[in-house]
Amino acid sequence: MRIDIITIFPDYFAPLDLSLIGKARRAGLIDVRLHDLRRWTYDRHHTVDDTPYGGGPGMVMKPEPWGEALDAVTADADGAVPRLILPTPSGRPFTQRDAVRLAEEPWLVFACGRYEGIDARVAVDAARRMPVEEISIGDYVLNGGEVATLVVVEAVSRLLPGVLGNAESAAQDSFSPGTMDHLVEGPVYTKPAVWRGHEVPPVLLSGHHGAVDRWRRDEALRKTARNRPDLIDRLDPDQLDKRDREV
Ligand code: SAM
């Protein structure tokens, strides 16, 4: 997968050299390209913002550098068209389902807003040439789109073939479409079996895979009910067995 990120703070993306994503980049599984938006400014101060039309506080990112940046970044592609992701608190909420969907894309471009956001005409103009989506990572406001982009890039890249050591682990994670639809994962344990007097649930030591699976499902349902009651109502009734309903 190719990922282009346009930002006024390329240094924000240093973490993409680390851990599993760093390894995946070095292995050629993900091709991340960082672009400094200021490269497409021509005044002495490399200005990327201006005052908002209609008045009000704050500044808005100017359309010209963004238009040129997107033209340049998406040009050298032999007819391929990327999907443009615009992180914004006013976007659609980003979920694991979106991560799975975006992991199927060959090429993503992220446009990191700052200040009060990017002039709205940039998205309209880009949509003439490529699919565009506005994504929010949660109901709170960050200073810029860099952290939101890191969140989406990490959630998507770990689903790409070869990035995780054990592909099965992603399928069992919280919210995974199919197995963990609208469910969070229950508690997990490792050795020793007793630590500071706290015992690991005996079923996990039983070697009985059916019983372990059942316990995990029960715990996932309990934890979802406790921490995310909003999700319980969204569980598909056809996917619930008799025991699920008792939990
Ligand atoms: N004025 C905007 C509003 O009220 O919706 C907030 C702008 S915010 C200070 C600056 C930039 O941070 C946004 O353009 C976006 O790129 C990013 N951002 C902030 N919160 C975000 C969130 N929850 N999800 C995704 N991106 C976010």
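**View 1. Ser176 in its loop.** Ser176 sits in the loop between helix H6 (167-171) and strand E8 (194-195). Helices (H or I, at least four residues) and strands (E, at least two) are DSSP runs, numbered from the N terminus. Please keep in mind that this is a predicted model, in which local features need pLDDT of at least 70 and side-chain atom pairs count only at pLDDT 80 or more, while totals for chains, interfaces and linings use all residues. Residues are numbered from 1 along each chain as its sequence is written. Ser176 counts as partly exposed because it has 19 C-beta neighbours inside 10 Å. On this scale a residue is buried if 20 or more other C-beta atoms lie within 10 Å of its own, exposed if 12 or fewer, and partly exposed in between, with C-beta atoms placed from the backbone. Look also for Gln96: its C-alpha atom and that of Ser176 are separated by 6.4 Å, although the two residues are 80 apart along the chain.

View 2. The peptide bond from Lys191 to Pro192 is cis, with omega near 5°. For comparison, most peptide bonds are trans.

View 3. Stepping back, the protein chain has 9 helices and 9 strands. Its C-alpha trace spans about 70 × 40 × 40 Å along the principal axes. Of its 247 residues, 23% count as buried. The domain assignment gives domain 1 (2-157) and domain 2 (172-246); such bounds come from an automatic or database domain assignment. The centres of domain 1 and domain 2, taken over C-alpha atoms, are separated by 36 Å. From the UniProt record, an unreviewed entry, comes the feature "domain: tRNA methyltransferase TRMD/TRM10-type" at residues 1-233. That span is 31% helix and 18% strand, and its end C-alpha atoms lie 35 Å apart.

View 4. Strand E1 (residues 2-7) and strand E2 (residues 31-36) run parallel and are joined by 6 bridges. Two strands pair if DSSP finds at least two bridges between them. Within this pair, Ile5 stands opposite Leu34 in E2. Together with helix H1 (residues 19-26), E1 and E2 make a right-handed β-α-β unit. Right-handed here means that, with the strands pointing away from the viewer, the path from the first strand over the helix to the second runs clockwise.

**View 5. E5 and its strand partners.** Strand E5 (83-93) pairs in the parallel sense with strand E6 (residues 107-111) over 3 bridges. Here Leu84 has Val109 in E6 as its bridge partner. E5 also runs parallel to E7, with 6 bridges joining them. In that pairing, Pro87 has Ile135 in E7 as its bridge partner. A handy reminder when you look at side chains: in a regular strand they alternate between the two faces of the sheet.

**View 6. The shell around the ligand.** Of the 19 residues around the ligand, Pro87, Gly113, Leu142, Gly145 and Ala148 come nearest. A residue belongs here if its C-beta atom, placed from the backbone, lies within 6 Å of the molecule. E5 and helix H5 (145-157) each supply at least two residues of this shell, and E5 gives the most, with 4 residues. By class, the shell has 8 nonpolar, 9 polar and 2 charged residues. Ala, Val, Leu, Ile, Met, Phe, Trp, Tyr, Cys and Pro count as nonpolar, Asp, Glu, Lys and Arg as charged, and the others, Gly among them, as polar.

View 7. The UniProt record (unreviewed entry) lists Gly113, Ile137, Gly138, Asp139, Tyr140, Val141 and Leu142 under "binding site". UniProt positions are given in the numbering used here, feature names are shortened, and annotations may be inferred rather than shown by experiment. Ile137 lies in the loop between strand E7 (132-136) and H5. Ile137 counts as buried because it has 20 C-beta neighbours inside 10 Å.

View 8. Most residues other than glycine have a negative phi. Ser19, in helix H1, has a positive phi near 55°. Ser19 is exposed, since 10 other C-beta atoms lie within 10 Å. Asp78 has a positive phi of about 50° and belongs to the loop between helix H2 (63-73) and E5. With 4 C-beta neighbours inside 10 Å, Asp78 also counts as exposed.
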